[in-house]
Amino acid sequence: METLMAILIGLLFACGVYCLLRRSIVRLAVGIVLLGQGANLLVFTAAGLLSGQPPLIGAGEKILAPPFADPLPQALVLTAIVIGFGFIAFLLALVYRAYRELGEDDIQAFNKTDRT
Amino acid sequence: MTDYWILAPIALPLMAAVLALLVRANLRAQKAVVLTTLTLACAASVALLAECGSGRIVTLAMGSWPAPYGIVLVADLLSALMLVACNGVALVVTIYAFRQLTDEEQGAFYHPLSLLLLLGVNGSLLTGDLFNLYVWFEVMLLASFVLLTLGRKREQLEGALKYVALNLLASMLFLIAVGLLYGKTGTLNLADLSSKLALESDTYLVETTGILLLVAFGIKAALFPFFFWLPAAYHTPPVAITAMFAGLLTKVGVYAIMRVFTLVFDLEQGMLGHWLVWIAGFTMVVGVLGAAAHFEVKRILSFHIVSQIGYMIMGLTFLTPLALGGVIFFVIHNMVAKTNLFLVAGMIERQCGSTDLKRTGGLFVKEPLIAGIFLISAISLAGLPPFSGFWAKFSLVQAGFEVGDYLIVGISLAVGIMTLFSMTKIWGEAFWKSLPEPEPASPSGSAGRISWWMMMPAIFLACMAIVMGLVSEPFLAVMERAGEQLLDPQNYINAVLQMKGGGS
């Protein structure tokens with residue numbers, strides 16, 4: 001399962017980097033979104049995956065007996081997803097506004113603030 | 001006694017931001033809320049500094065969950081010093097913004113957003129948990145995104161796109177590092193991570209996550225080669241917003257590097273320390289060369305932010321108490337001097353209608369007070385005595401000689417001369433030469449009067465630069481103690497891990 005996830009994460013990163021390297025600002029936004037999802041999955045996978053082992057203390061037991069799935073990475077990922085959602089909303093609005101102002105989707109047109 | 005008041009620098013801006021939103025129709029009420037809150041936050045930070053000054057490390061377990069399971073807030077001397085400086089700069093810049101920004105700009109949520117920005121900064125300075133640090137960084141970033149695009153001018157959108165894209169990448173790398181560290185060690189508490197990674201034999205993983213974190217913080221702190229967003233974005237928003245950014249944002253990145261690479265990772269092991277020296281050197285040189293190439297005040301100052309960050313990182317690599325104390329002194333001196341230079345840039349803009357040096361001039365005759373403030377800040381930034389910058393550089397150079405890193409120290413001194421060159425360029429073009437005849441086509445120099453609300457903050461910061469220069473001894477002594485605290489993380493670890501739930 002972890003191997004499969006690792007391949008999936010790698011694919012997401014590869015697609016994200018490919019999109020970032022294109023010259024269109026819409027693809028830039030798509031690339032950042034893909035990379036963000038890859039990072040979320042990576043955090044989710046990094047602590048190990050266990051299916052069917054919820055971290056619940058069984059009836060009549062005093063402590064949580066291993067093996068059990070670690071709930072913390074899932075909490076972390078949930079937080080990261082929510083934050084990412086806000087960022088993506090802002091990014092898309094920004095891309096739209098920038099496109100409206102410049103009338104251009106090509107990153108080469110965005111060089112005014114760097115010139116002397 | 002439980003130290004609940006360590007929460008004040010976080011709780012105050014949060015509540016005030018909500019309050020300022022509620023009274024958003026009434027600008028006067030917003031200003032009253034912001035002014036009261038920032039004054040209280042400054043007072044709380046000073047109280048915290050007084051408490052930490054005795055060497056105590058103030059800790060608070062949120063929700064009474066004991067460390068390392070719950071989230072802890074930790075204030076040591078470094079955090080407290082940075083808190084005082086950040087809240088002070090925020091207060092000063094906000095007073096300046098009352099007159100520098102138009103009422104429409106302030107009405108468009110400037111005050112709630114600047115409070116949220118400060119919330120993110122204060123949270124980052126106080127937290128003792130890596131994931132919590134990530135969240136505070138995001139709070140800070142999101143507020144800065146909106147502030148940067150306030151006014152929605154064409155250049156602002158363009159600059160913001162670069163700023164947003166690179167900073168989102170940084171956040172992603174940070175998140176990856178957090179995930180990998182948790183997967184390896186099962187903890188995110190900085191103190192706990194420190195003691196667990198010290199026993200870790202798998203240096204491969206430790207170095208990988210270290211580099212991921214260095215790149216993430218490096219983008220936020222604008223290190224070479226990750227700094228390109230900064231000069232592309234910082235000159236586009238109104239000056240009061242840039243001044244706030246220049247004072248707070250990159251410095252929090254530097255704080256994060258200082259915290260993580262003294263507490264969690266050991267710079268003396270592995271390749272990281274060697275790379276950092278070169279990164280620092282390139283940051284200094286490239287930043288100052290970029291500044292030399294430009295002819296517009298705000299762009300010149302933006303490149304100098306980059307160059308000064310190089311000094312801070314250079315000091316960090318020396319890893320002696322004197323060097324770390326010097327770095328802290330340098331950070332705080334830089335917040336004072338650089339913020340003040342941006343405030344002066346706003347006054348130049350108000351007087352001459354532009355910050356393009358070709359269209360400015362005559363200010364030395366017309367506004368000698370502004371000229372004086374600029375001169376003090378500029379000389380301080382370049383590192384000449386008797387102002388604060390001299391002692392900042394002096395302690396870094398002395399520490400560099402003690403560890404025998406002559407090359408990097410030489411580079412830093414050469415960069416200081418280049419800084420002086422940039423500053424004399426602004427001085428000559430904006431203050432000494434006479435005002436050029438305005439071209440008929442260009443918008444006429446709308447010379448407005450500078451109100452005292454704009455002048456007082458700049459005068460205050462200039463006085464700070466003088467005080468830190470003339471009476472540097474007690475400042476340096478405190479900061480050197482903070483440096484010793486950083487180099488001996490055992491106290492920090494003990495303070496965090498041995499506290500009971502609900503505080504000590």
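The contact between the two chains takes 28 residues from chain A and 31 residues from chain B, where two residues are in contact if their C-beta atoms, placed from the backbone, lie within 7 Å. On the side of chain A that touches chain B, α2 (25-46) and α3 (71-102) of chain A each supply at least two residues. The largest share of that side, 13 residues, comes from α3(A). By residue type, the side of chain A that touches chain B divides into 19 nonpolar, five polar and four charged; Ala, Val, Leu, Ile, Met, Phe, Trp, Tyr, Cys and Pro count as nonpolar, Asp, Glu, Lys and Arg as charged, and the others, Gly among them, as polar.

This is a predicted model, in which local features need pLDDT of at least 70 and side-chain atom pairs count only at pLDDT 80 or more, while totals for chains, interfaces and linings use all residues. Residues are numbered from 1 along each chain as its sequence is written, and chains are lettered from A in the order in which they are written.

The model scores ipTM 0.93 and pTM 0.93. Chain B has a mean pLDDT of 89, and 96% of its residues reach 70 or more; pLDDT is the predictor's confidence in each residue, from 0 to 100. Over residues 441-445 of chain B the pLDDT is below 50, and this stretch has six contacts in the model beyond near neighbours in sequence. Where pLDDT is low, the predicted coordinates should not be read in detail.

The overall values for each chain are set out below.

Helices (H or I, at least four residues) and strands (E, at least two) are DSSP runs, numbered from the N terminus. A residue is buried if 20 or more other C-beta atoms lie within 10 Å of its own, exposed if 12 or fewer, and partly exposed in between, with C-beta atoms placed from the backbone.

Chain A follows the pattern α-α-α along the sequence. Its radius of gyration is 20 Å, but a compact globule of 116 residues would have one near 13 Å. The radius is taken over C-alpha atoms, and the globule rule is 2.2 Å times the number of residues to the power 0.38. For chain B, with 504 residues, the rule gives a value near 23 Å, and the 22 Å of the model agrees. Of the contacts in chain B between residues at least 6 apart in sequence, 80% join residues at least 24 apart.

In chain B, strand β1 (residues 58-61) pairs with strand β2 (residues 72-75) in the antiparallel sense over four bridges; pairing requires that DSSP finds at least two bridges between two strands. B:Val58 stands opposite B:Ala75 in β2(B). Both faces of β1(B) are covered, with B:Val58 and B:Leu60 buried on one side and B:Thr59 and B:Ala61 buried on the other.

The largest nonpolar core has 228 residues, and B:Leu81 and B:Val178 touch the most other members. Helix α13 (residues 321-352) of chain B gives the most to this core, with 20 residues. Such a core is a set of buried Ala, Val, Leu, Ile, Met, Phe, Trp, Tyr and Cys residues joined through C-beta atoms within 7 Å. Not counting residues up to four places away in sequence, B:Val178 touches A:Val43, B:Leu130, B:Phe131, B:Tyr134 and B:Leu188.
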